[in-house]
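Here are my notes on this one, as promised. Have a look at the model and then go through the points below.

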Amino acid sequence: MHILSALLLAIAVNVDNFAVGIAYGIKKLQIGWLTNLFIGLVSAIGTYLAISVGHDIKNYLSINVANALGSFILIAVGIWSIWKTLKRQRRKIKMRQEMRFLVAAGSNRTISHSSHHNVSQEFLHEFSYEKFLEDPEKADLDHSGYIDVQESIALAFGLTLNNLGSGLGGGISNLNVAITTFLVFILSWLGISGGYFLGDRFTTKISGLWAGILSGSLVIITGVYEYFLMP
């Protein structure tokens with residue numbers, strides 16, 4: 001049943017949840033058990049649907065082709081995730097450099113306009129958990145210091161959409177849907193809870209850069225492992 005692959009995939013797709021938990025812990029923005037449960041359920045449902053679709057595709061392929069295709073998708077998703085993370089980091093560095101240049105030139109008005117324009121573009125074109133990781137207060141719409149279920153909807157779907165490709169590849173590679181979905185749910189809950197604890201107690205921080213690289217690397221490892229594992 002490829003339990004090790006299911007565990008690796010579940011860990012990979014929940015690295016982001018762990019990073020988000022840390023970010024919220026540092027900011028002392030409480031995430032209630034019901035909110036955490038909701039995020040885990042959304043992640044689990046997304047994983048279930050993606051793996052189920054992958055299983056349906058696998059039924060039309062031979063065992064060897066399905067194993068190779070599933071592994072390729074996992075490796076490609078991991079590489080794409082790392083590339084996307086590095087590209088986003090380069091963009092941030094470029095924006096900081098431009099802002100420093102404008103500060104030196106004394107053009108604060110231009111900085112403000114440029115900054116708001118870039119933020120708007122990113123929000124409109126990229127539905128991602130990253131904005132909540134970098135600025136956790138965005139989820140606290142009523143400024144109560146507590147993230148309720150309604151306020152966590154965008155975060156939950158952002159985290160889940162980021163992981164659908166991995167689930168699809170895992171399904172084609174014949175990962176057990178029940179075990180993988182269960183592990184994703186449990187590790188989502190543990191990731192956010194554990195991350196919040198570390199951020200709140202020790203002010204530990206994991207950046208979006210390292211979270212993206214670690215998550216992508218684990219997905220690649222899963223793909224390589226599945227390829228060489230006998231179907």
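**Helix packing and a cavity**

1. Phe38, Ile39, Val42, Ser43 and Gly46 of α2 are in contact with Ile153, Leu155, Ala156, Phe157, Leu159 and Thr160 of α6 (contact means heavy atoms within 4.5 Å). Sorted by type, the residues of this contact are eight nonpolar, three polar and no charged (Ala, Val, Leu, Ile, Met, Phe, Trp, Tyr, Cys and Pro count as nonpolar, Asp, Glu, Lys and Arg as charged, and the others, Gly among them, as polar).

2. Keep in mind that this is a predicted model, where local features need pLDDT of at least 70, side-chain atom pairs count only at pLDDT 80 or more, and totals for chains, interfaces and linings use all residues. Numbering starts from 1 along each chain as its sequence is written, and side-chain values use heavy atoms, with hydrogens and water left out.

3. The chain has nine helices and two strands (DSSP runs, numbered from the N terminus: helices are H or I, at least four residues, and strands E, at least two). Along the sequence the order is α-β-α-α-α-α-β-α-α-α-α.

4. Of its 231 residues, 43% count as buried (under 20% relative accessible area, 1.4 Å probe, protein chains only). For contacts with a separation of 6 or more, 91% come from residues 24 or more positions apart.

5. What lines the largest cavity? Leu9, Val13, Ser43, Gly46, Thr47, Thr160, Asn163, Leu164, Ser166, Gly167 and Val184 do (on a 1 Å grid over the protein atoms alone, a cavity is a set of points where a 1.4 Å probe fits but cannot get out; lining residues have an atom within 4 Å of a point). The lining has four nonpolar, seven polar and no charged residues.

Definitions and conventions. 1 Å grid on protein atoms, 1.4 Å probe; cavity = no way out; pocket = protein on both sides within 12 Å on 5 of 7 lines; lining within 4 Å. Buried < 20%, exposed > 50% of the residue type's maximum accessible area, 1.4 Å probe, protein only.
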